[in-house]
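Subject: A structure for you to explore

Hi there,

Here is the structure I promised to pass on. Please open it next to this email, and then read on for what was found in it.

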Amino acid sequence: MAVTPSPSLSAIAAAKGIRFGSAVAGWGGGSWRNAKLAGLLARECSILVAENEMKWQAIRPSPDTFDFAAFDGIAAFAAQNRMKLRGHTLLWHRPKWMPRWMESHDFGSQPATAAAAMMANHVETVCARYKDRIVSYDVVNETVLPEDGSLAETALSKAMGGTEALVDLAFRTARKAAPCVELVYNDYMSWEPGNALHRKGVLRLLEGFRKRGTPVDALGIQSHLIAPAPDAAHQREWQRFMDDVVAMDYRILITEFDVRDRDLPVDIASRDQTVASTTRAYFDMMLSYPQLRDVLAWGMVDAYSWLQGYEPRADRAEARGCLYDSAFQPKPVHAALARAFSEATPRG
């Protein structure tokens with residue numbers, strides 16, 4: 001039987017003006033169709049986001065069609081449980097994550113016009129369907145390349161004549177189609193070593209948005225943390241990055257929180273404690289920024305975490321990066337996050 005601590009994480013967070021929620025799948029064990037998981041989500045969360053069901057690969061089977069069936073189920077579950085809903089994502093700007101038909105699509109004799117029309121139609125169609133239900137969109141996801149901080153290119157951006165033009169169009173169209181909804185640029189730059197060029201690229205992108213008047217409200221920070229926490233010098237570098245972001249008048253969201261424990265010892269007690277201490281160090285820093293008001297986990301239960309398949313441990317032990325273990329028992333990381341919320345400065 002699932003054990004859910006009381007009060008819930010969403011209640012503790014809400015007392016400080018913060019929303020807590022999770023990603024959820026449309027099908028399988030990690031979906032809202034799993035009654036046990038559905039109950040846990042309903043008790044712990046006040047906002048949900050789809051793992052994959054709103055991405056182009058999921059809803060654009062062809063250039064001329066949309067398929068919203070899987071995401072509609074998530075949206076209905078959220079509504080039934082009076083949860084808010086985030087939209088992820090209107091454009092995941094990497095070639096490998098676009099639908100297969102995109103890379104070979106013929107944009108005709110006026111490719112820039114055709115590409116712009118395709119991008120605008122996609123945004124307008126999604127926003128119109130979920131009007132008044134989605135409160136925040138990851139309009140663009142991961143267009144900054146971590147290797148050098150440059151912007152990724154896809155068939156769509158090449159047809160448009162450049163990534164900046166495509167990304168700006170996505171945000172401007174979203175603002176017009178959903179004028180009261182929070183518009184977010186989302187990426188995975190982080191505080192671990194090796195992220196400096198990625199962070200610089202994200203700052204350049206954010207600075208460009210402000211210079212061009214692109215309507216971007218917030219930076220989404222995925223927060224797939226790697227345990228243990230980095231040393232003090234790298235944490236200070238991250239804090240300087242955060243200071244630069246908020247100085248440009250951006251809000252902040254933690255959009256995909258979990259902890260990667262691949263390199264930790266297999267011993268569960270030791271591993272869980274390191275995951276918890278990493279979480280506490282990170283959230284103590286992040287929650288010091290009043291601009292942070294939404295925190296979403298990338299799944300609640302270890303058994304259904306993307307980490308099991310994406311980043312398996314060499315010893316084949318189960319990854320333990322979520323708030324609940326596979327028996328639906330809360331772990332030390334749950335208590336660490338609850339304490340971080342309870343000790344956070346209230347948002348005005």
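Let's start with the open spaces. The largest pocket has a volume of about 760 Å³. A pocket here is an open set of points on a 1 Å grid over the protein atoms alone, with protein on both sides within 12 Å along at least five of seven lines. Grid points are joined across faces, edges and corners, and a volume is the space filled by probe spheres set on the points.

Before going further, please keep in mind that this is a predicted model, where local features need pLDDT of at least 70 and side-chain atom pairs count only at pLDDT 80 or more, while totals for chains, interfaces and linings use all residues. Residues are numbered from 1 along each chain as its sequence is written, and side-chain values use heavy atoms, with hydrogens and water left out.

Back to the largest pocket: 29 residues line it, and Glu142, Tyr188, Gln222, Trp306 and Tyr310 lie nearest its centre. Lining residues are those with an atom within 4 Å of a point. Strand 7 (224-226) and strand 8 (251-260) each supply at least two residues of this lining. Helices (H or I, at least four residues) and strands (E, at least two) are DSSP runs, numbered from the N terminus. By class, the lining has ten nonpolar, eleven polar and eight charged residues. In this scheme Ala, Val, Leu, Ile, Met, Phe, Trp, Tyr, Cys and Pro are nonpolar, Asp, Glu, Lys and Arg are charged, and the others, Gly among them, are polar.

The second largest pocket has a volume of about 180 Å³. It is lined by 13 residues, with Lys131, Asp132, Ile134, Ala178 and Val181 closest to its centre. Strand 4 (residues 134-141) gives the most to this lining, namely three residues. The lining of the second largest pocket has ten nonpolar, no polar and three charged residues.

About 70 Å³ of space lies in the largest cavity. Its lining includes Ser22, Leu37, Glu51 and Tyr304. Strand 1 gives the most to this lining, with three residues.

Now for two helices. Arg199, Val202, Leu203 and Leu206 in helix 9 meet Glu237, Trp238, Phe241, Asp244 and Val245 in helix 10, contact being heavy atoms within 4.5 Å.

Finally, some backbone details. The peptide bond from Ala227 to Pro228 is cis, with omega near 0°, and Pro228 sits in the loop between strand 7 and helix 10. Asp249 has a positive phi, near 65°, although it is a residue other than glycine. Asp249 is exposed, with a relative accessible area of 62% (buried means under 20%, exposed over 50% and partly exposed in between, with a 1.4 Å probe and protein chains only).

Enjoy exploring!

How values were computed. On a 1 Å grid over the protein atoms alone, a cavity is a set of points where a 1.4 Å probe fits but cannot get out, and a pocket is an open set with protein on both sides within 12 Å along at least five of seven lines; lining residues have an atom within 4 Å of a point.
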